[in-house]
Amino acid sequence: QVHVVESGGGLVQAGGSLRLSCKVSGIILSLDSMGWYRLDLNDERELVASITTDGTTTYADSVKGRFTISLDNAENTVYLQMNSLKFEDTDEYYCHAKASDHEISVNYWGQGTQVTVSS
């Protein structure tokens, strides 16, 4: 059974920092990438940042220069260092993992961790 366990959310003042962690375990397929999403105004998940197992990163424009994503391949754990947090970063953050083999690709999601930035 696959487990996606997030941690690190909380309450912080604007300008402060938080670090999110997410560990995925029980995957049989090869891990391709991990990342973080949050809800947009339509309550749909939008990409915050992602990283492939070879280190290629992608960031939403709104977080470039402030957030840094990293991946510990040995531990299947992704980290999101969030600096210079803004009130508009307040949201539920969801960990995502993508795994595949030559036949199928599967997406896994965490339960979400709340980040609240006070102005």
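Author: Start with the count. The structure has one disulfide, where a disulfide is a pair of cysteine sulfur atoms within 2.5 Å. In general, a disulfide is a covalent bond between the sulfur atoms of two cysteines. Here Cys22 is joined to Cys95, with an S to S distance of 2.0 Å. The link of Cys22 and Cys95 is left-handed, at -85° about the S-S bond. The pair ties together distant parts of the chain: Cys22 sits in strand S3 (residues 18-25), Cys95 sits in strand S9 (residues 91-100), and they are 73 residues apart. Helices (H or I, at least four residues) and strands (E, at least two) are DSSP runs, numbered from the N terminus.

Buried means under 20% relative accessible area, exposed means over 50%, and partly exposed is in between (1.4 Å probe, protein chains only).

A word on the source. This is a predicted model, in which local features need pLDDT of at least 70, side-chain atom pairs count only at pLDDT 80 or more, and totals for chains, interfaces and linings use all residues. Residues are numbered from 1 along each chain as its sequence is written, and side-chain values use heavy atoms, with hydrogens and water left out.

Now the chain around the link. The protein chain has eleven strands and zero helices. Read from the N terminus, its elements run β-β-β-β-β-β-β-β-β-β-β. The radius of gyration is 14 Å, close to the 14 Å that the globule rule gives for 119 residues, so the protein chain is as compact as a globular protein of that length. That radius is taken over C-alpha atoms, and the globule rule is 2.2 Å times the number of residues to the power 0.38. Along the principal axes, the C-alpha atoms fill a box of roughly 45 × 25 × 25 Å. Of the 119 residues, 39% are buried.

Contacts come next. Contact means heavy atoms within 4.5 Å. Among contacts between residues at least 6 apart in sequence, 53% join residues at least 24 apart.

Turn to strand S8. Tyr79 has its place there, in residues 77-82. Not counting residues up to four places away in sequence, Tyr79 touches Arg19, Leu20, Ser21, Trp36, Thr68, Ile69, Ser70 and Asp72. Its C-alpha atom is separated by 15 Å from that of Gln114, 35 residues apart along the chain.

Leu80 is found in strand S8 as well. Leu80 counts as buried, at 0% relative accessibility. Beyond residues up to four places away in sequence, Leu80 touches several residues, among them Leu18, Leu20, Trp36, Val48 and Phe67.

Last, a loop. Gly26 lies between S3 and strand S4 (30-39). Gly26 is partly exposed, with a relative accessible area of 40%. Setting aside residues up to four places away in sequence, Gly26 touches Gln1 and Val2. Gly26 and Ala14 are twelve residues apart along the chain, and their C-alpha atoms are separated by 37 Å.
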